[in-house]
Amino acid sequence: MLGPNEVVSALEAAGFTHLVWIPDSHLGTWEPALRNSHLAPVRVCREGEAVALAAGLILGGARPLVAVQCTGFFEAGDAVRNVAHDLKLPLKLIIGVRSERVARTGKSGDNCPHFATKLVEAWELPHTRFDPAEASALELTGALKALVDQPTPAAILWAE
C-alpha cells in the first residue's frame with residue numbers, strides 16, 4: 001500500500017501546485033504529509049466549489065489537482081461539465097472510488113464503483129484506474145505523468 005508520504009511526493013513531482021479537496025476517510029490520510037509539502041492544500045465545502053476554484057487557479061496559471069470522493073464527483077457534475085466542456089480547461093481530478101476493492105470481490109452493495117465509471121464516461125473524461133494498495137510508487141508516478149500530460153480534462157479513479 002502506498003503511504004501518504006509517497007502519494008504527496010508523487011503529486012509534487014508531477015508538478016501540481018495546489019490540491020483542491022475535501023478529504024474523506026481515505027484521501028484524508030494524506031493530510032499529515034501535506035503539512036510538510038510545497039503543495040498548497042485548499043479545503044472546500046462542496047465538490048462543485050472544488051472544481052470552480054480549480055478553474056480559477058488554472059486561469060491564473062496554477063496547476064491544481066482536484067481530489068474528491070465519487071459521491072462528491074456526482075454532486076459536482078454541472079461544474080465539471082462547465083469547466084471541462086464549456087471553458088475547455090484541462091481540469092485534473094483524482095476521484096476516490098469508495099468501496100471499489102470490496103465491490104470487486106462481490107462483497108459490497110455500494111453502487112459508487114459502478115456509477116463513478118459511468119459518470120466519468122458520461123462527462124467524456126479520459127480516465128485511468130489506480131489502486132494504491134496494489135501499485136508501486138513508480139506506477140503512481142506514471143499514472144500522474146499520464147494525467148498531467150493529457151492536454152484535456154482527465155481523471156484517475158482511485159480505488160478505496
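Predicted model: local features only at pLDDT ≥ 70, side-chain atom pairs only at ≥ 80, totals over all residues.

Which residues of helix α1 are buried?

Modeller: Helix α1 covers residues 4-13, and its buried residues are Val7, Val8, Ala10 and Leu11. Looking down the axis of α1, you would find these buried residues within an arc of 160°, so they line one face of the helix. The face turned away from that buried side carries the exposed residues Asn5 and Ala13. Just after the helix comes Gly15, with a positive phi of about 95°.

Now, what lies over the buried residues of α1? The cover includes α2 (31-34), β3 (64-69), β4, α8 (137-149) and β6 (154-159).

One of these elements, β4, deserves a visit of its own. Strand β4 spans residues 92-97, and Lys92 is part of it. Lys92 is buried yet has no salt bridge. A salt bridge would need a side-chain nitrogen of Lys or Arg within 4 Å of a carboxyl oxygen of Asp or Glu, whereas the nearest side chain of opposite charge, Asp149, is 8.5 Å away from Lys92. The side chain of Lys92 does find backbone oxygens: that of Gln150 is reached at 2.5 Å, and that of Thr152 lies 2.6 Å from a polar atom of the Lys92 side chain. Leaving aside residues up to four places away in sequence, Lys92 also touches Phe16, Pro64, Leu65, Val66, Leu147 and Val148, among others. Further along the chain, its contacts include Pro151, Pro153 and Ala154.

Conventions. Residues numbered from 1 in each chain as written. Heavy atoms only, no water. Helix = DSSP H or I, 4+ residues; strand = E, 2+ residues; numbered from the N terminus. Buried < 20%, exposed > 50% of the residue type's maximum accessible area, 1.4 Å probe, protein only. Lys, Arg positive; Asp, Glu negative; His and termini not counted. Polar contact = N/O pair within 3.5 Å; in protein donor to acceptor, adjacent residues only side chain to side chain. Contact = heavy atoms within 4.5 Å. Arc of directions from axis to C-beta.
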